Structure formats: C-alpha cells, structure tokens
Amino acid sequence: MARNERLRNVAIIAHVDHGKTTLVDGLLRQSGIFRSNEVAERVMDSNDLERERGITILSKNTAVMYGDVKINIVDTPGHADFGGEVERILMMVDGVLLLVDAFEGCMPQTRFVLKKALGLKKKVVVVVNKIDREGARPYEVIDEVLDLFIELGADEDQLEFPVVYASARDGYAMLDPQVKGEDMRPLFDKIIEEIPAPEGDVTAPFQLLISNIDYDEYVGRIGIGRVERGSVRSGQQAVLCTRDGQEKKVKIAKLYEYQGLSRVETETATIGDIVCVSGIGDINIGETICDVNEIEALPFVKIDEPTVSMNFIVNNSPFAGREGKFVTSRNLRDRLFREVETNVALRVEETDSTDTFKVSGRGELHLSILIETMRRQGYEFQVSRPQVITKVIDGVQCEPIEYLMIEVPEAYVGPVMEKLGARKAELVNMGTRDSSMTHIEFRIPSRGLMGYRPEFLTDTNGNGIMNSVFDSYEPLKGEIITRHKGSLIAHESGESVAYGLYQAQERGRLFIGAGVEVYEGMIVGENPKNEDMTVNVCKRKHMTNTRASGSDDALKLIPPTILSLEQCLEFIADDELVEVTPESIRMRKTILSKEQRMKKTFRR
C-alpha cells in the first residue's frame, strides 16, 4: 500500500451560515487563484438561488496548491434538507474541516454533519470561525464541540481533535485565539499535518467510485469521483458497474482534474485523485468504473430516506398555460425523473392519475428549492401541502421526529413554549446565554413544525432564531392542529378593484392588491377565524346620481402581504394547492366552485 503524500482531500462541513463558502474564498484567494484586481465573494455559490438565499445547495469541488501539495476542497451544503449531498461527498475525502461559529456554537446541522463524518471514520479538524465577532466565546464553543463528540460516540482518537481559530471573512487563522493571525497559513499547515494522505495500491487494477454528476452541453454527462485503487488514463476501456447490478463495457473519453475553479484535462490519475470522467452517457451516482480485468463494484454510502412528500400536479386552473413553457404531464414527468438522477435524496413515484406525481424529499426546503428551480426553467404546475412520511417499525406506525433548537430573548419564551407544547414538542434542554438570549432545545414531530415558522416570527417580533434537523422515527404522537386560521376565497373571476378589496380587508389579511387577475376559488387572503370565507374582490361601486358628503373619499387600502413560495407551502391546508408558474405563485382551493365544495362538505 502506498500513500500519495502530494495530495489531500478535505470537505468543509458546518451548520448553515457558519461561513463555509467564505472560508473557501479565503483559501482560494491566498493560494493565488485570483488576480489582485479580482474581487471574489462566495465564488463557490455559483447558482442564482444560492446567491439570492445566501446558502449552499449543491456541493462543489475546487483545488488549491500549498507548496508542492495539492489540496482538493469540497464545499458542502449546511442545511440538513440537502444532507444527501453531504453524505455522498464524504466518500470522496479523507478528512473534514468542521466549521463552528464562535458565538452560536454547535447547532442542529453541526450535529447532523459531524455524526455522518464520525460514522465514516473521517479525521476531523475543528475550525472555530468568526473569532472577531462581538460576543465570541471560543473556549465555551470548544467545550460544546467536545461534548457533542462524546454524545455522538467518538472514539479516543477522534476526541483528540486539533483546533484552529479563524476569521474567514478577513482571511486569517491562528492556533491561539488571543493572538491575531496574519493569513491562512496555520489552517493550511494543519490540513497538511492532520488530514491523512490518500492510501491505496497503485499497481492494482483501477477502481473509481462516482459520487457526483455534472452536465456539460458539449460533452454531456460527466461523472465526478475519486480513484480508489490503481491508475486510470483517458481513452482507456473500462467496465461500468451499475446500481442495479449490471456490467457495461464503456470507454473513458476524457479525464479532467480540478485546478482552482476550473476543470483541466489530464492524461492520467492515481489513488486519491478526484477526477471528472466524460464519455459515459448513462453514468449515475453510486456507480463504479473498474478495470476490465478485475470487475468489482464498491459499496456506496446509504443515503437517509426522505421524510416529507408532496404531489406535483399538472396545472388545471383557469389560467393554465398562460405563462409556462412546459405545461404537459410528459414535460413534468421527464423533468422530475431527470432530477432523481443527480438528486440522490429525492424520490419520484407515479400515481393512479397520469397528471399527478408523488415527490418525496428530506424536508420542505429540499422540495421548495426543486419547485423554485423548475419554475425558473419555464415549468408550470401545482403542488399540494407537504405531508410527513410515516413508517411501520416493529408493527407500530411511526413518524419522523425533529431536533429543534431555538434562541429567543427572555420576554418571548412563554409564547414559544405554549405554541410548541400544543404541537407535541418535548423540552430537552434550556439555558441562558450571556447576551440575555434563552437557548431552548426540543424534540418535536415533523408535522408539528409545518407552518410554525410564520407564527414563531410573529410571536418573537422577528427576534428569534429557529433551526431543526431530522432526529429519528417514533410512534405517532396523536392529532396536531397546525393551522388555526381559514382562507379568504375569490367569489368570481375577474380583476381585483379597490372597492372590492376595501370591503374584503375588513374580513382579514389580504395577499393581493388592486389590478390583479383572479379566478373563482383562488385564495386572496387569510381569515383570522378557523373557517373559509368567500369574498368578492372584483365588486365595483354602482354609479348613482346620489351624492353624499364624504362617501366618495379615496378608499384607504392596507398594503397586501405578498407570500414567498415557502410561506405559501406553509399556509395551505390539505384541500388547497399552490399554483406555480414562471411569473406567478398563486394559492387556490382544489375544488374551485363554492357549490361543489359545499356539497362535498355536506356529504361527509
């Protein structure tokens, strides 16, 4: 067995918004990837959605040279809904940088990603980031990290983790939090020193495990993976071991490796190298490319099962086909099954109806990102309310439970505890931070969290922080009422006018303004009472000869509340849908006609 000492493979894992992508910027900048006049900020977040939301959705590769050692760095998502990305990326690396905020400390996703890394026996280097932040408490955070390691069952070697303190934004790292650093050298040195070099048999027949898929409009599908054994060269004949046990003869047309942010062609690659392979049209994640003389598939990491599902339905509203480019069931089916090829944590099933597909994912955010991506690509469709996926374990019906962490000012603890208690949450831990914020931890059914975020922001006046991560499956907790308000529903099709809206706003909060096209059955607002109400927002004032003092004064309309896609998904009830088009997001009743809805209610 030989070690490739000129190479290190490392992934950066952390809770969302703890500075992973900013740290990669700092490492790239100091390794000379950018010219002095180039301004790079979150350069790895190349996707429009990632830049808008400030989160990493897709894992991405880059490589830097430090001295004569090449360091392959993988930036991974921090949100647990994209945990499928993290799990498979860990197969490509030999160690991880666990990034923890010097003020916030260990958060739910820190627990999630660390558990995966420890389970795969990866070497962990802890980086306490944002050391320059006001209120930073590095020593307490290290104690929290150690407690977390112990709680997750780390062995003695893993408990002796090295620590580096850093400010990724300002581009420096140091080994002592009291002594300000000058550059990223201490972190680079620690990576070389602590992350093991790839090890394997260079002379054995080659073996390459595919952990990611990319697409290029010129060369088609590109498999990204790590050489586990031997050496591979471009143009070589090989065998592809598929996930369903088949063996196909293929040719590796071209090999690419990462240099900085670009892919460059290479003739050969050896153990530990992370390379891109083109020329295999139907390659998928989790498959193995082997030497023709020794065909042996590698085991792939088991991806956690989805916990939430929703129906994707062909748009059949009165406005169907107006704004979308792809509107048919065939378009929708092809797009969803194409997504499954690269999004390993997603499941798509056909239903009894030809225009409805059941899509399951790791959480509401996981599915809402897919919906947002599709609408930007020109797709038009409808989605139902998210539902949790239950399982039968040992003859007992079980549901997913989330580990929830909340930080709120002390004054708002009461309302939060009251609301979560009604949603079947169990208090696990509670404490007060120096900043007068109260830190509370709960275990709560996933369905109890659905639709809670808007209530949480209202109850805390926007001062609370809420994060959750999937924990386990437990027996059903009983009935949970998650929505206490009804919908205001348009009475007829037409265009909303100020007079009609003025009458309707007395009934509740409106979601639309004047001059908006509506149709019968479309949801135009929220009723504070727990019942639906039909309102006529298209009603115009009848013109008469009679004039009265003050009756024709300008009508004062309250500005409407415009809901985002996630807010719409949290708002709708079981008998409602969200209509998604490239230009609009509307909510509607599944049955548009008021008479038909009434008949169905009475039949029950």
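## Close-up views of a predicted model

View 1. Ser360 counts as buried, because its relative accessibility is 3% and buried means under 20%. This view, like the others here, comes from a predicted model. Ser360 has its place in strand β22, which covers residues 356-361. Leaving aside residues up to four places away in sequence, Ser360 touches Pro306, Val308, Ser309, Ala345, Leu346, Arg347, Glu349, Leu367 and Ile389.

**View 2. The whole protein chain, for orientation.** The protein chain has 604 residues, and 54% of them count as buried. Its elements are 15 helices and 37 strands. Of the contacts between residues at least 6 apart in sequence, 72% join residues at least 24 apart. The accessible surface is about 27600 Å², and carbon and sulfur atoms account for 47% of that area.

View 3. The chain has a mean pLDDT of 82, with 89% of its residues at 70 or more. Among the elements, strand β23 (residues 381-384) has the highest mean pLDDT, 94, while helix α2 (residues 48-53) has the lowest, 53. Over residues 34-46 the pLDDT is below 50, and this stretch has 38 contacts in the model beyond near neighbours in sequence. Where pLDDT is low, the predicted coordinates should not be read in detail.

**View 4. An open sheet of eight strands.** Follow the strands across the sheet in the order β14-β13-β19-β10-β11-β18-β15-β16, with antiparallel pairing. At the edges sit β14 (247-251) and β16 (262-266), each of which pairs on one side only. Neighbouring strands of the sheet are turned against each other by 40 degrees on average, direction ignored. For a look at one pair, take strand β15 (residues 254-259), which is joined to β16 by five bridges in the antiparallel sense. Here Tyr258 has Arg263, in β16, as its bridge partner.

**View 5. Helix α7 and its buried face.** Helix α7 spans residues 185-194, and its buried residues are Leu187, Phe188, Lys190 and Ile191. Seen down the axis of α7, these buried residues fall within an arc of 165 degrees, so they line one face of the helix.

**View 6. Helix α12 and what covers it.** In helix α12 (residues 452-459), the buried residues are Tyr452, Glu455, Phe456 and Asp459. They line one face of the helix, because they fall within an arc of 100 degrees when seen down the axis of α12. The cover over these buried residues includes β26 (396-409), α10, α11 (446-449) and β29 (465-475). Just after α12 comes Asn461, with a positive phi of about 55 degrees.

**View 7. Two lysines with positive phi.** Most residues other than glycine have a negative phi. Lys121 is not a glycine, yet its phi is positive, at about 60 degrees. Lys121 lies in the loop between α4 (108-119) and β6 (123-129), and is exposed, with a relative accessible area of 59%. Lys424 also has a positive phi, near 65 degrees. The loop that holds Lys424 runs between α10 (413-422) and β27 (426-432). At 31% relative accessibility, Lys424 counts as partly exposed.

Technical notes
Residues numbered from 1 in each chain as written. Predicted model: local features only at pLDDT ≥ 70, side-chain atom pairs only at ≥ 80, totals over all residues. Heavy atoms only, no water. pLDDT = per-residue confidence, 0-100. Helix = DSSP H or I, 4+ residues; strand = E, 2+ residues; numbered from the N terminus. Contact = heavy atoms within 4.5 Å. Buried < 20%, exposed > 50% of the residue type's maximum accessible area, 1.4 Å probe, protein only. Areas by Shrake-Rupley, 256 points an atom, 1.4 Å probe, with all protein chains shown as cover. Pairing = 2+ DSSP bridges. Axes fitted to C-alpha atoms, helices over the stretch in contact; angles between N-to-C directions. Arc of directions from axis to C-beta.
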